[in-house]
Amino acid sequence: RGMVIGTHGSTYGGNPLAMAAGQAVLDVVLEPGFLEHVRAMGERLRGALEQMIPNHDHLFEGVRGMGLMLGIKMKSDSRAFVAHLRDHHGLLTVAAGDNVIRILPPLTIEDAHIAECVERLSAGARDYMPAQAA
């Protein structure tokens with residue numbers, strides 16, 4: 001009998017459009033030099049963040065993660081700082097737990113983007129006032 005109506009649909013199931021989109025992404029990722037560029041940008045981003053942290057050691061403890069999937073461990077609530085960065089500095093980050101902010105740039109990030117990100121993050125740290133514990 002095979003597949004009948006209703007047995008081949010799923011939230012996570014494949015379909016011709018999804019498969020074509022996945023193949024297009026793989027075509028780009030597998031181009032010569034693409035992954036090397038991603039690795040280099042991950043190292044530059046980590047280095048820039050590690051260099052910035054001592055300037056704001058009242059807020060930040062260190063960098064976690066690998067490649068372009070990085071987190072910055074904070075000494076206070078990450079959700080409030082994420083909101084501050086978004087609302088006052090136009091920087092989109094994500095809270096991870098109570099005390100880590102995630103930095104998840106696109107794989108096509110360039111040096112200028114890293115510099116802008118770190119500058120906005122640093123500016124946000126300069127004018128951020130964490131809530132005091134009661």
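Biologist: Contact here means heavy atoms within 4.5 Å. Take contacts in the chain with a separation of 6 or more: what percentage comes from residues 24 or more positions apart?

Modeller: The model is predicted, so local features need pLDDT of at least 70 and side-chain atom pairs count only at pLDDT 80 or more, while totals for chains, interfaces and linings use all residues. Residues are numbered from 1 along each chain as its sequence is written, and side-chain values use heavy atoms, leaving out hydrogens and water. Among contacts with a separation of 6 or more, the share of residues 24 or more positions apart is 54%.

Biologist: How much of the chain counts as buried?

Modeller: Buried means under 20% relative accessible area, exposed over 50%, and partly exposed in between, with a 1.4 Å probe and protein chains only. The accessible surface (Shrake-Rupley, 1.4 Å probe) comes to about 8,900 Å², with 59% of it on carbon and sulfur atoms. Of the 134 residues, the buried part is 31%.

Biologist: Over how many bridges do strand 1 and strand 2 pair?

Modeller: Two strands pair if DSSP finds at least two bridges between them. Strand 1 covers residues 60–66 and strand 2 covers residues 69–74. Gly62 has Lys73 as its bridge partner, and Gly65 stands opposite Leu70. The sense is antiparallel, and the number of bridges is six.

Biologist: Which residue in the turn of the hairpin of strand 1 and strand 2 has a positive phi?

Modeller: Two residues lie between these strands. The phi in question is about 60°. The residue is Gly67.

Biologist: Which residue of strand 4 stands opposite Leu70?

Modeller: Strand 2 and strand 4 pair in the antiparallel sense over four bridges. Ile72 has Ile101 as its bridge partner in strand 4. For Leu70, the residue opposite is Ile103.

Biologist: Which residue takes a positive phi in the hairpin of strand 3 and strand 4?

Modeller: These strands run antiparallel and are joined by three bridges. Ala96 of the pair stands opposite Val100 in strand 4. The hairpin has three residues between the strands, and the one with phi near 70° is Gly97.

Biologist: Why does Met74 count as buried?

Modeller: Met74 sits in strand 2. Not counting residues up to four places away, Met74 touches Leu59, Phe60, Glu61, Phe81, Asn99 and Ile101. Leu59 is 15 residues away in sequence and 5.5 Å away in space, C-alpha to C-alpha. Met74 counts as buried because its relative accessibility is 1%.

Biologist: At what relative accessibility does Met52 count as buried?

Modeller: Met52 belongs to helix 2, residues 34–52. Beyond its neighbours within four places, Met52 is in contact with Phe60, Val118, Leu121 and Ser122. Gly62 is ten residues from Met52 in sequence and 9.9 Å in space, C-alpha to C-alpha. Met52 has a relative accessibility of 4%.

Biologist: And Thr93: at what relative accessibility does it count as buried?

Modeller: Thr93 is in the loop between helix 3 (78–89) and strand 3 (94–96). Outside four places in sequence, Thr93 is in contact with Val82, Leu85, Arg102 and Ile103. The relative accessibility of Thr93 is 12%.

Biologist: How much space lies in the largest pocket?

Modeller: On a 1 Å grid over the protein atoms alone, a pocket is an open set of points where a 1.4 Å probe fits, with protein on both sides within 12 Å along at least five of seven lines. Points are joined across faces, edges and corners, and volume is the space filled by probe spheres set on them. For the largest pocket, that space is about 270 Å³.

Biologist: Which helix gives the most to the lining of the largest pocket?

Modeller: Lining residues have an atom within 4 Å of a point; 14 residues qualify, and the closest to the centre are Leu91, Leu92, Pro105, Pro106 and Cys117. By class the lining has nine nonpolar (Ala, Val, Leu, Ile, Met, Phe, Trp, Tyr, Cys, Pro), three charged (Asp, Glu, Lys, Arg) and two polar residues (the others, Gly among them). Strand 4 (100–103) and helix 4 (111–127) each supply at least two. With four residues, the top contributor is helix 4.
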